[in-house]
Amino acid sequence: MEKQVANCEKLVAALAELGFRLTKQEEQEVRRGKDFIQLRNGPFDMDLIFAPDGIERFDDAWARRTEKYGFPIANIDDIVGSKQAANRQKDRESLPRLLSFREWLKKNK
């Protein structure tokens, strides 16, 4: 989602609709597009990342997206590249599964 005021407001509303109970501070962080927000007070844990590592420009990533059932999904190469750029332990642990999934996607196009 491009970091614009209207989009951030829609995101706050969507999170509430999904069942997240945002604190006032979390609402403010979402509204201003804080680069990284961890949400642990909803139906599942969620990391909101407005500036993912390895993604230089939103417009470029948006152009590479795919859609399934009407929902935009980041391109698998962008996801892999972001995990590689972040280089956190949990990202390194998930990379083999993501790389395997990327290969499966290529074979099953």
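Because the model is predicted, local features were taken only at pLDDT of at least 70 and side-chain atom pairs only at pLDDT 80 or more, whereas totals for chains, interfaces and linings use all residues. Residues are numbered from 1 along each chain as its sequence is written, and side-chain values rest on heavy atoms, with hydrogens and water left out.

The protein chain contains five helices and four strands, where helices (H or I, at least four residues) and strands (E, at least two) are DSSP runs numbered from the N terminus. Along the sequence these elements follow the pattern α-α-β-β-α-β-β-α-α, and the C-alpha trace spans about 45 × 30 × 25 Å along its principal axes. Of the 109 residues, 27% count as buried, a class that means under 20% relative accessible area, with exposed meaning over 50% and partly exposed lying in between (1.4 Å probe, protein chains only). Among contacts with a separation of 6 or more, 29% join residues 24 or more positions apart, a contact being heavy atoms within 4.5 Å.

A search of the whole structure finds three aromatic pairs, for which rings of Phe, Tyr and Trp (its six-membered ring) must have centres within 6.5 Å, and planes under 30 degrees apart count as stacked, over 60 as edge-to-face and the rest as tilted. One of these pairs is formed by Phe58 and Trp62, which are stacked at 5.7 Å centre to centre with 20° between the planes. Because Phe58 and Trp62 are four residues apart in helix α3 (residues 58–64), they are separated by about one helical turn. Phe58 is partly exposed at a relative accessible area of 29%, as is Trp62 at 37%. Phe101 and Trp104 are also stacked, because their ring centres lie 6.0 Å apart and their planes meet at 10°. These two residues are three apart in helix α5 (residues 89–107), and therefore about one helical turn separates them. Phe101 is partly exposed at 41% relative accessibility, and Trp104 is partly exposed at 49%.

Phe101 also belongs to the lining of the second largest pocket, where Thr66, Ile76, Phe101, Leu105 and Lys109 lie nearest the centre among 18 lining residues. A pocket is here an open set of points on a 1 Å grid over the protein atoms alone, where a 1.4 Å probe fits, with protein on both sides within 12 Å along at least five of seven lines, and lining residues have an atom within 4 Å of a point. The space in this pocket is about 470 Å³, the volume being that filled by probe spheres set on the points, which are joined across faces, edges and corners. β3 (66–68), α4 (76–86) and α5 each supply at least two lining residues, and α5 gives the most, with five.

Two further residues lie in the helices that contribute to this lining. Asp91, in helix α5, is buried at 1% relative accessibility, and its side chain makes a polar contact (N or O atoms within 3.5 Å, one able to donate a hydrogen and the other to accept it, with residues adjacent in sequence counted only if both atoms are side-chain atoms) with the side chain of Lys83 at 3.1 Å. Beyond residues up to four places away in sequence, Asp91 touches Lys83 and Ala86. Ile79, in helix α4, is partly exposed at 28% and, leaving aside neighbours within four places in sequence, is in contact with Ala74 and Leu98.
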